[in-house]
Structures are given as C-alpha cells and as structure tokens.
Amino acid sequence: MNINTLKKQFQPYPYHMVEVSPWPLLTSFAVLSMMIGAVLYFNSIQNGGILLTLGFLSTFFAFVLWFRDITTEGTYLGDHTLTVQKGLTMGVALFIVTEAFFFLSIFWAYFHSSLAPTVELGSHWPPRGIEPMNPFAIPLFNTFLLLSSGATVTYAHHALIRGNRAATILGCTMTLVLAILFTACQGLEYANATFTIADGRYGSCFFFGTGFHGLHVIIGTIFIGVAFYRIIRYHLTNFHHIGFEASILYWHFVDVVWLFLYVSIYWWGS
C-alpha cells in the first residue's frame with residue numbers, strides 16, 4: 001500500500017485535494033494559439049491556417065488527457081466522494097448558466113432587429129429579398145428529433161439508476177442516433193438555404209444562433225458518447241455516474257434552447 005492510498009484512507013475530510021497537473025497550463029496556451037491562429041486565418045495572413053490547426057489539435061489533446069486524469073480519479077482512485085460529486089454538479093450547472101447568457105445575447109440581437117426594423121432593413125422583418133425557412137419542414141422534424149432524444153437519454157438515466165444495463169445501453173444508443181440525425185438535417189437545411197450569413201442582420205442572427213446551437217449539439221453528442229463508452233466499460237454505476245448526469249443536464253439545456261430558437265426564429269420570425 002503506497003503513501004497516497006494511506007492518505008486517502010485516513011484523511012479526515014471528504015474533499016479531493018488534486019494532484020499537481022500540467023493540463024491547465026497546457027490548455028491555456030493551446031487555446032491562446034488557436035485564437036491567434038483563427039485571427040490570422042480570418043485575415044488571410046500566411047500560415048494562419050497551420051497555427052489554427054495546431055492550436056485546435058493541442059486544445060483537443062489537452063482536453064482528452066485532462067479528462068483522462070479526472071476519469072482515473074473518479075473511477076479507480078475513489079476521489080469523487082458525495083461531497084465532490086455535489087461540487088462537480090454545481091460546477092456544471094454554473095457553466096450551463098453562462099451558456100444561457102450567451103444565447104440570451106443572440107436572442108437580444110435578434111429581437112432588437114425584428115421588433116422594430118429600421119429603415120436600413122426596409123422597415124420590414126424578414127427584410128425584403130430574404131426567403132425564410134419553412135418552419136413546418138426540416139425545423140419541425142428537427143424539433144421532434146431533439147425532444148425525442150431528450151426523452152431517450154432520460155430513459156437511459158433512470159434505467160442506469162435501476163441497474164438495468166440493457167435498457168441503459170438502448171437509451172444511449174437511441175439518443176446518439178437521434179442527435180446525429182439532427183446534425184445531418186441541420187446540414188441539409190444549410191445546404192438548401194436561399195440566404196447566407198452575409199445577407200444582413202437576418203442572415204447573421206439566423207446562422208449565428210442556429211450555428212452555435214448546432215455546435216452545442218455536436219459537443220453534447222460527444223459528451224453523451226463518452227459517457228456511453230464509460231457505461232460499456234463498467235466505469236459508471238447506479239450510484240456513481242456524475243459524468244453521465246452532467247451530459248444529461250447539458251443535453252436538456254440544448255433542448256430548451258432549440259425550443260426558443262424554433263418558436264422565435266423559425267416560426268415567429270418567418
């Protein structure tokens with residue numbers, strides 16, 4: 001038995017004293033490199049694309065290695081006590097609050113332009129010459145897909161709590177399939193759009209709002225996919241599955257944001 005095991009066995013507090021890790025510093029430099037590369041690339045400066053690619057890959061691998069260590073702490077070392085799990089859940093909830101305010105700024109910009117269209121917009125919304133999406137075509141189908149995925153991931157969660165492994169795997173599989181279908185349909189919608197992000201305020205608000213939501217869907221899909229992999233590997237149990245719960249919270253947030261996007265931009269805005 002090593003010294004770290006003895007410390008954890010006899011420590012008088014339930015908190016996790018983290019070990020020294022290089023990943024926060026590496027992640028900060030990787031993100032900085034990625035942002036500088038993006039600025040250079042968007043301004044057509046030489047080698048900007050290379051720096052952007054290297055920065056993105058560095059950020060990705062830093063995340064993978066960092067989360068690997070967190071998985072090791074929670075799964076194999078027993079560091080994630082009930083107190084630690086509550087803290088992690090609170091951290092995820094606060095992160096989602098920041099995301100909510102991010103989307104609030106997008107809705108603010110949209111309603112600022114649409115409720116009182118200026119002369120530059122022709123005093124009309126949508127601006128003349130813009131043919132908005134049919135809200136009862138692909139957007140309605142995507143709404144069905146996303147709401148169904150919220151139901152299936154909740155089903156998987158309750159099945160995991162009850163110890164029903166087969167139902168958990170089925171629910172996660174259905175959720176991932178529905179999420180991938182949503183992303184594919186969103187791409188099809190973009191490919192057939194009659195306007196672009198360069199078409200004034202309407203194009204900017206539409207593609208900025210739905211595009212960032214689509215990015216969140218992709219991130220949420222990866223989030224649930226990692227949790228699904230850990231379920232397959234028996235990392236998560238019916239009483240210790242904080243990673244899966246965090247992915248479910250994030251996914252329900254994505255569902256709620258899509259409902260606001262559908263009602264405001266697709267239906268009311270058309």
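The following conversation concerns a predicted model of one protein chain.

Student: How many helices and strands does the protein chain have?

Tutor: This predicted model shows eight helices and zero strands in the protein chain. Along the sequence, the pattern accordingly reads α-α-α-α-α-α-α-α.

Student: And what box do the C-alpha atoms fill?

Tutor: Taken along the principal axes, the box is roughly 75 × 50 × 30 Å.

Student: Which domains does the assignment give?

Tutor: The domain assignment divides the protein chain into domain 1, covering 20-74, and domain 2, covering 80-267. Over C-alpha atoms, the centres of domain 1 and domain 2 are 24 Å apart. Four residues from domain 1 and four residues from domain 2 take part in the contact.

Student: What area do domain 1 and domain 2 bury between them?

Tutor: About 310 Å² is buried between domain 1 and domain 2, and 57% of that area lies on carbon and sulfur atoms.

Student: Changing topic to helix packing: at what angle do the axes of α4 and α8 cross?

Tutor: Helix α4 spans residues 82-114 and helix α8 spans residues 242-268; their axes cross at roughly 10° and come within 10 Å. Angles under 35 degrees count as roughly parallel, and α4 and α8 are therefore roughly parallel to each other. The contact of α4 with α8 comprises 19 nonpolar residues, four polar residues and one charged residue.

Student: Why quote both an angle and a distance?

Tutor: Two packed helices are described by the angle between their axes together with the distance between those axes.

Student: Now the backbone. What is phi at asparagine 47, and where is that residue?

Tutor: Asparagine 47 has a positive phi of about 70°, although it is not a glycine. Asparagine 47 sits in the loop between α2 (23-42) and α3 (48-75).

Note on methods:
Residues are numbered from 1 along each chain as its sequence is written. This is a predicted model: local features need pLDDT of at least 70, side-chain atom pairs count only at pLDDT 80 or more; totals for chains, interfaces and linings use all residues. Side-chain values use heavy atoms; hydrogens and water are left out. Axes are lines fitted to C-alpha atoms, for helices over the stretch in contact, and angles run from 0 to 180 degrees between N-to-C directions. Helices (H or I, at least four residues) and strands (E, at least two) are DSSP runs, numbered from the N terminus. Angles under 35 degrees count as roughly parallel, over 145 as roughly antiparallel, 65 to 115 as roughly perpendicular and the rest as oblique. Ala, Val, Leu, Ile, Met, Phe, Trp, Tyr, Cys and Pro count as nonpolar, Asp, Glu, Lys and Arg as charged, and the others, Gly among them, as polar. Domain bounds come from an automatic or database domain assignment. Contact means heavy atoms within 4.5 Å. Buried area is the accessible area (1.4 Å probe) that two parts lose on being put together, summed over both.
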